[in-house]
Amino acid sequence: MNETANSILRILRSPKVVNGIGLGFVGVIVVWLVVNFVKGPEYFANVALDGLTRGSIYGVVALGYTLVYGILQLINFAHGDVFALSGLVASTLLLSVFDISPTSSNLAVAGAIAVTLAITVPLFAIINGSIERVAYRPLRNAPRLAPLITAVGMSFIVSNVALGLYGVDYESGSDLIPQGDAFTIGEIQFTWKLVTALVIIVPTLIVLSWFVSSTRQGKAMRAVAQDTEASAMVGINVNRTISVTFFIAGSLAAVAGLVFLLEFQVRYDTGFELGLIAFTAAVLGGIGNLSGAVLGALLIGFIQSFTEGLLWYAPGGDWTRSIVFGILIAVLVFRPEGLLGERTPEGA
Amino acid sequence: MTSLSDRARRIAGGRRETWLVPLLVVLGLLYPWYEETLQSLPLIGDFVPSTESMVVMIALTMMAVGLNVVVGYAGLLDLGYVAFYAVGAYTAGWFASQQFDQVTFHFFSSVPNDQPGIHISMWLVLVVAGLLTLFAGILIGLPTLRLRGDYLAIVTLGFGEIVPQVVRNGDNFGGFDLTHGAFGIAPIDAVGIPALGVIGLPENFQTSPNRALWYYVVAFLLLLFTVFCSVRLRDSRLGRAWIAIREDETAAAAMGVPLMRTKTWSYAIGAFFGGVAGAYYASFRGGAFPADFYFQISVFLLCMVILGGIGSIWGVLAGGMILSYLDREGLATIGSKLQDAGIDFEPTKYNAGIYGVLIVAMMLFRPAGLIPERRHKIELEEGVHDTPFYDVTTEGTLTDRDPSDD
């Protein structure tokens with residue numbers, strides 16, 4: 001039995017077959033998309049814009065995963081729950097503390113959003129940093145399974161904190177944003193929701209990429225991600241750099257949490273599934289690779305909107321999870337390094 | 001650094017007391033007969049679980065022992081074990097219920113012969129469920145097991161999410177109702193001993209007046225069988241290969257351990273027990289429902305393994321019984337006690353958070369578990385291959401370098 005299995009495996013592993021199957025998948029998807037596009041270009045474009053909104057939020061969460069993974073090789077399961085908690089805290093600030101309601105003037109809404117960000121971003125940077133301090137740092141030298149297991153534990157703890165504070169009800173700020181379109185091109189509708197999401201997310205990404213590529217601390221982060229021991233030897237404070245990474249991941253979670261609150265609705269367990277999707281996005285793009293995470297997230301956003309929104313042979317929302325995880329498994333099997341990543345011994 | 005001979009002696013270790021095992025087996029098997037006596041005891045009486053709960057606890061512990069083969073022996077983190085539980089439960093649904101009422105087929109079943117659907121004796125279904133799940137384990141394992149560590153964890157997690165969704169949406173595969181969708185498959189036939197009805201053994205456990213008792217006894221025997229297989233496997237050639245892979249994959253491969261085949265077997269065998277336990281539990285519950293299979297179950301089972309001690313059979317048994325007891329009755333009992341004491345806190349609402357605190361605390365303070373396995377404890381204390389050569393947090397403590405020489 002083993003011999004047969006091995007020979008089947010050997011055939012399956014040959015690059016020709018792997019690439020063939022992979023190309024076959026891609027081909028079917030392309031045909032499906034093209035037919036849908038031809039059947040209704042404007043509708044297709046609107047669904048794609050919806051995907052862009054989702055994808056940009058996933059991208060910010062995925063960056064949090066990929067930053068931490070790049071530096072510690074740890075899947076920070078708690079990240080998704082930190083994201084959901086930040087959305088809930090933002091809802092308290094916006095709706096209760098600042099008392100913003102759908103009738104408030106646009107200027108007041110924008111101001112309240114800015115102040116909320118100014119509070120939640122540092123707050124969740126500190127919360128995420130503390131999680132690292134308490135749950136991951138003591139295990140820095142333990143077998144790699146250990147911090148992964150505490151990450152799962154922290155995920156449960158954070159989501160239960162959210163459950164304790166906010167109960168099981170959904171919070172949403174989606175009616176704070178003007179309904180309707182900011183502008184239209186032909187029949188393609190650019191909604192205020194999309195514009196709001198992009199206005200918050202694009203500057204965040206620009207600041208992040210400036211930080212990672214141009215500051216001293218960003219350079220230290222890249223160095224530690226490449227080789228921890230070597231960077232310690234050249235005098236980089238490894239622990240501080242890891243803390244900074246967690247601060248940044250926490251801030252990103254806070255930004256994503258607010259945007260998600262404005263677009264959709266948040267509950268204590270929202271973070272779990274969204275976190276998995278964002279992690280899939282990070283893997284799809286090549287884990288540890290920042291632009292890869294954003295690219296992967298946009299792709300996942302499109303995939304989700306297409307499977308749920310398109311009219312011709314779309315699988316529908318019931319299957320979203322299976323499709324996203326199916327993609328995750330396919331990527332790990334066919335191209336473990338992701339779309340933009342480099343092949344590592346770990347993935348191969 | 002301890003010397004090599006020292007280390008070898010510690011790994012070999014002394015034998016446990018031989019009288020303990022038979023005593024525990026007898027005490028366990030007789031539990032339903034003294035359960036009421038225990039429950040009438042003052043103070044602790046309220047905390048004693050009913051036989052009914054014990055059946056569920058044992059089924060879950062059996063899954064934990066199966067998961068231990070994957071996580072504990074071979075060191076492969078599996079976050080999607082619930083998929084095997086689902087496959088086992090649904091196999092029971094397919095072969096022992098009215099799900100496929102297009103055909104009528106009976107084979108030593110415990111239900112009347114005129115019922116439509118496939119009704120195979122539950123004893124046989126347990127075996128079939130195990131084998132099908134084993135096959136599912138191989139299918140899932142073959143493409144994914146070449147991935148290491150956390151990549152494997154995330155792929156198993158993916159399967160753990162896909163299988164329940166397929167089950168939930170599986171009521172219309174091109175018009176064919178495979179899983180009856182969100183309603184699940186119910187009722188599933190009872191376990192029973194039809195041929196021996198004459199000498200007083202029940203033909204159908206579900207309708208027997210001593211339902212819980214009979215299910216308990218069989219569950220206990222199944223658990224014994226699982227533990228026996230698990231111990232024998234651990235000490236076999238295959239088991240030693242698993243442990244070699246857990247300790248150092250590269251070294252194991254260099255010594256001629258076939259990585260893929262060995263890992264796939266651990267996955268398949270772990271899956272087998274999950275399938276048997278899943279099918280048995282489905283028969284006890286009388287149905288397989290898609291709402292039962294969610295990620296938290298996988299983590300719950302993983303918690304049992306971690307709490308008890310990764311790789312340690314005694315530990316996993318203890319961890320499994322403790323956690324499933326808390327889940328099944330303990331937290332609710334504690335909650336009502338707290339209510340009586342005037343404290344308004346519902347532990348059942350926060351069960352996931354409580355397990356979270358438990359596993360984080362265990363990992364931080366007692367990473368080898370309640371009843372550690374010797375070898376695994378040594379791995380944790382003295383490090384394995386992936387301990388960094390230069391420790392950046394505690395300089396000098398784990399390296400040969402003496403800080404005073406600097």
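**Contacts, fold and interface**

Reply: In chain A, 76% of the contacts between residues at least 6 apart in sequence join residues at least 24 apart. Two residues are in contact if their C-beta atoms, placed from the backbone, lie within 7 Å.

Me: What kind of model is this, and how are things numbered?

Reply: This is a predicted model, in which local features need pLDDT of at least 70 and side-chain atom pairs count only at pLDDT 80 or more, while totals for chains, interfaces and linings use all residues. Residues are numbered from 1 along each chain as its sequence is written, and chains are lettered from A and ligands numbered from 1 in the order in which they are written.

Me: How many helices and strands does chain A have?

Reply: Chain A has 13 helices and 4 strands. Helices (H or I, at least four residues) and strands (E, at least two) are DSSP runs, numbered from the N terminus.

Me: Why is chain A called as compact as a globular protein of that length?

Reply: Its radius of gyration is 21 Å, close to the 20 Å that the globule rule gives for 348 residues, so chain A is as compact as a globular protein of that length. The radius is taken over C-alpha atoms, and the rule is 2.2 Å times the number of residues to the power 0.38.

Me: What share of chain A is buried?

Reply: Of its 348 residues, 50% count as buried. A residue is buried if 20 or more other C-beta atoms lie within 10 Å of its own, exposed if 12 or fewer, and partly exposed in between.

Me: New topic: which residues have a positive phi?

Reply: Among them are Asp99(A), with phi near 55 degrees, and His180(B), with phi of about 60 degrees. Most residues other than glycine have a negative phi.

Me: And is each one buried or exposed?

Reply: Asp99(A) counts as exposed because it has 10 C-beta neighbours inside 10 Å; it lies in the loop between helix 4 (78–97) and helix 5 (106–136) of chain A. His180(B) is buried, with 20 other C-beta atoms within 10 Å, and is found in the loop between helix 7 and helix 8 of chain B.

Me: What else is in that loop of chain B?

Reply: Pro187(B) is found there, between helix 7 (149–169) and helix 8 (211–234). The peptide bond from Ala186(B) to Pro187(B) is cis, with omega near -5 degrees.

Me: How many residues does each chain bring to the contact?

Reply: Chain B brings 41 residues and chain A brings 44. Helix 7 of chain B gives the most to the side of chain B that touches chain A, with 12 residues. By class, that side has 26 nonpolar, 9 polar and 6 charged residues. Here Ala, Val, Leu, Ile, Met, Phe, Trp, Tyr, Cys and Pro count as nonpolar, Asp, Glu, Lys and Arg as charged, and the others, Gly among them, as polar.

Me: Last one: where is Tyr313(A), and is it buried or exposed?

Reply: Tyr313(A) sits in the loop between helix 12 (290–309) and helix 13 (320–334) of chain A. Tyr313(A) is exposed, with 8 other C-beta atoms within 10 Å. The C-alpha atoms of Tyr313(A) and Leu339(A), 26 residues apart along the chain, are separated by 27 Å.
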